[in-house]
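Open the structure in a viewer and keep the selection tool at hand. The stops below go from charged pairs to a helix and then to the nonpolar cores.

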Amino acid sequence: MADPGQDPGHGAPETCGLEQILEALKLLLSPGGSGSSSLQITKHDVLLATLKSNLSALEGRFQKEPRWKKLRLLRDEIASKAEWPQNSVDVTWSFTSQTLLLLLCLKGTMLRLAADFIPGKPNARTPEAAPALSPDTLSISQQKTVQSVLQFVVTLGVCPYLMPGVGVPLRYRTEFGAVVQDVVCLDAAPDATRRLYTSCRVLLNVAQHASLGSLIFCRHFGDIAAGLCQLGFCPTKRKPLKPEEEVLTEEERVLSRKALRDILDQVYQPLAVRELLILQGGSPQSCTDAKTPARCRAPAWLRRFCGQLLSERLMRPSGVQAVVRGILEGAGAGAAGGSDAEAAAADWKKCDLIAKILASCPQQCLSPEDYYRDICPQILDLFHFQDKLTARQFQRVATTAFITMSRERPQLAAKYLLQPVLAPLHRCLSTAEIPESDMVPGTILVTEEELSRCIEDIFKVYVVGNEPLAVLVDSLLPVLGVFFSLYCFTKQSVSHIRSLCQEILLWILGKLERKKAIASLKGFAGLDKSVPTLHSLCQFRAATQGGIVITIKEAVCDEDEALYQKVSSEQCQVEHLGDLLSHCQECGLAGDFFIFCLKELTHVAVESEAELKMQPFSSRSLLELEQHQTLLVEGQEQKLMVLQLVAVLCERMSEQIFTNIAQLKSSDFAVLKQLLPLLEKVSNMYPDPVIQELAADLRITISTHGAFSTEAVSAAAQSALNKKDPERGREEQQQTSHEGHTDASHSHLEQQQSHEKSNHTGLESSAPLSPQEGSEPSTTSSQKSGSVTTEELQEVLLSAYDPQIPTRAAALRTLSRWIEQREARALEVQEKLLKVFLENLEHEDAFVYLSAIQGAALLTDVYPEKILLGLLAQYDGNKDKQTTETRMKVGEILMRIVRALGDMVSKYREPLIHTFLRGTRDPDSAHRASSLSNLGELCQRLDFLLGSVVHEVTACLIAVAKTDHEVQVRRAAIHVIVLLLRGLSQNATEVLRDVLKDLYHLLKHVVRSEPDDVAKLHAQLALEELDEIMRNFLFPPQKLEKKIVVLP
């Protein structure tokens, strides 16, 4: 059958304008009758009557009005050439046929106008003037008319004739679609398949015009693709007996298949992917609502064919990006971004789905290796998008796909994913062969962009992905030496990749087996020369953009200078290794490595003199003497390196290295006892008293297997740390002083906490041990999750009341760790644990009550509904029953709970705010200030969830700031406003719009009338925040940017 949408011939009138054709289309769409009745049959009758009336009105215009004669002639000429049945008993098809004819008239007229248009020459005097528009350009209102017409054509001419399961049924779209589905008469001539073929082919003919094609494919691509799939690929049940009984010829089916593939290549590829996924459908849905029938599942042939088409989209250039965009943009994460994009980025299930799609080799591919060779570079490109919202989504997908492919096919992933990522580091390994052309001093082996991209990609895959697969760990092991050298270089200057290198090193050291981790640390320290490191000819150098490049270094002719550089480099590496190990104490790696160093030191201390004796020179040749001398020098270097390493570890981690005594086994102590004579000698003869105390404490600890240690070790270790890092104590003191200005009620607590941090850092446990870390041989079974016995629990509960402060604090920390690890036996006695923590709040020692605060906060995070209200009642209780210090400690627990709850704090908004508001009227000024500080922290977390409570909070702040007689309370009230404005930032104009004026007046009043200088300073800071917010609101920053819209 010929193409049903042929173009009009050259004999058609040329003076028919676009306005007249669009007027005829408007006439067909004009409403008629009354659709106000709620009876379904009435809606059907109204629709049919409207269609008949509009068709009659159009024919009347053609026959009676002379100005419509040209359009009628054009329509008749196109109708005579069209070979599809245009009249039918079914009014819906007659209406669709007339609409299709008018669309062909519109397309032909627009092509003719565009062909006859000759643009004028631009005026040199006004070069900024816009060029004249082509006469075939549609206005906004005309585009809306054409869109409405296209919607009617698709609704009446395509969707009703789709098979069940092909596309989205009309009844699931709109109420009007359900009416149309019942109005169409499928038994009337022409056949439903012939109608579908005619509608699709004519729409594709009209879409050949660029403007009309964009209107068609933007909204109706899915329905047209569904129709073409059914026409070209739906299997026939039986072969007809006679050719005239065929609804579609084989040639027409072939044309439908070709048309489908053409439009798939033509449109925006993410749109094609999304519509194919919709066509493919999901699993059959179970009907949970009796009123809503379950949708039919897509037929098997359609699912297979859509899967084949999707695989073809994926295998195309940039196919991975098209698939990712198609799925994510379908979830609302389009070009506009915003909260929908953030939600899509946070949807791990969708990312896992895309990763599984990318990791599965399609059937069309010859081999998995060919597929990985084509796909892996595209997956790596997903890491490098610049747009922030798009980058978040693509990086999450790329990370998940990377890990999935590494898990399913590790060899191919190592070849096509890991090798390209790690290539810049392999290029400068000590085992690598550098080409002679690159050995010129100053030659850049790895550029700044390559190295930065390499580090960032490794961080996204290893640390963010957090899957310690064997192929990932084994691939990173050879370049760990280069990584550590890079980390040491970044520690000497400012670099944005310093934190990334540190996180990667900590991750890999935590995931490695303990023996391999110790071996890697030996390589870092220079004790194991077999570990690959940075090539001797290479060096790191700061780049122009803040990054780092790897270049060929110049040869040093001066031997003294070379020796100095070597010694200083080794010393810096040892110090940086100590810094790195200070972050590995919770997992026990630092302790194990310290034990290894002590064993090496033991060999140095007890080395036999017979090993040092040389054989007579007469029995050796000169070569043997030189080799022996070289070995002696290397041995001395090794011993000096061990001594330096032990000194650094003792200095950096002396107060923390033995906190987890359980990790030391009896065999370890047996080895350490060999050091007792040496430690005794040091404690008696060394001139520095700090080292004497440290040696004495180590000696006592080793002798008692950790059962007892002197109290002087904490002071000695702190003194050594302050000598090494004097800024540490100064920063904590400044932070405590600043908090004292803003909240006097917490000054004592913050000072105690700051002092406690500096003296007991090693006893704090901020995170539970991972399964890999907890399964090491040096860790006892009592530390493994799920292994706490009833006897151990009872023993720890009794220790929580021990008169000895270290024992009590250690018991509280142990209970907190069990709660954080969700130990079942500990959580069974939650009431008893809460009682233990609350009773220890009364203790005067900061280490004890801070441990109790931490435990109570962790327990409330597990059972917030059961415990939070009780804590609020205790915080709001009578002053006679509890001291002010205890209530402030409970307030600290509440603040930790608010931070831990995050967005879930909105559920407990009312009791929290009301408790703190009541606390502002407490007779005790310290409690009033504490309540205001807690109120500011809570309001900063609530953000938009403040709601109507903002009026109560504002009234309270105004009253306190103006009337309270205590200066600390007034300071706290003004500081709450600062926190509120700083936390809301640009959202302040929306959240505080009803009270912003009152807050402004209050701040001006404080600046003018407040006698206290600190309160004035807080008010001035708040006014500056408010001024910045209003400036950005009234005069948003102008962005010189262009938006590029990709048309289909």
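Are Arg 195 and Asp 90 buried or exposed? Select the two residues: both Arg 195 and Asp 90 are buried. Bear in mind throughout that this is a predicted model.

With the pair still selected, look at the side chains. Arg 195 and Asp 90 form a salt bridge, with 2.8 Å from N to O.

Next, select helix α3, residues 69–81. Asp 76 and Arg 72 are both in this helix, four residues apart, or about one turn. They are joined by a salt bridge whose closest N and O atoms are 3.8 Å apart.

Move to helix α40, residues 884–901. Here Arg 896 and Glu 892 are also four residues apart, about one turn of the helix. Their salt bridge has its closest N and O atoms 3.3 Å apart. Glu 892 has a relative accessibility of 6% and therefore counts as buried.

For a charged group beyond a pair, select Glu 23, Arg 61, Glu 65 and Arg 67, which are linked in a network of salt bridges. The count for the model comes to 26 salt bridges. Side chains of opposite charge can pair when their charged atoms come close.

Now select residues 269–280, helix α10. Its twelve residues reach 16 Å from first C-alpha to last, close to the 16 Å expected at 1.5 Å a residue. Colour the buried residues of α10: Gln 269, Pro 270, Leu 271, Ala 272, Val 273, Glu 275, Leu 276 and Leu 279. After the helix comes Gly 281, with a positive phi near 70°.

Finish with the nonpolar cores. Which residues have the most contacts inside the largest one? They are Ile 458, Leu 476, Phe 483 and Phe 593, in a core of 200 residues. Centre on Phe 593: leaving aside neighbours within four places in sequence, Phe 593 contacts Ile 518, Leu 521, Lys 522, Leu 577, Leu 581, Leu 645 and Leu 649. Apart from this core lies another, of 86 residues, including Phe 837, Leu 894, Val 905 and Leu 1026.

Note on methods
Residues numbered from 1 in each chain as written. Predicted model: local features only at pLDDT ≥ 70, side-chain atom pairs only at ≥ 80, totals over all residues. Heavy atoms only, no water. Helix = DSSP H or I, 4+ residues; strand = E, 2+ residues; numbered from the N terminus. Expected span 1.5 Å × (residues − 1). Buried < 20%, exposed > 50% of the residue type's maximum accessible area, 1.4 Å probe, protein only. Salt bridge = Lys/Arg side-chain N within 4 Å of Asp/Glu carboxyl O. Core = buried A, V, L, I, M, F, W, Y, C linked by side-chain atoms within 4.5 Å. Contact = heavy atoms within 4.5 Å.
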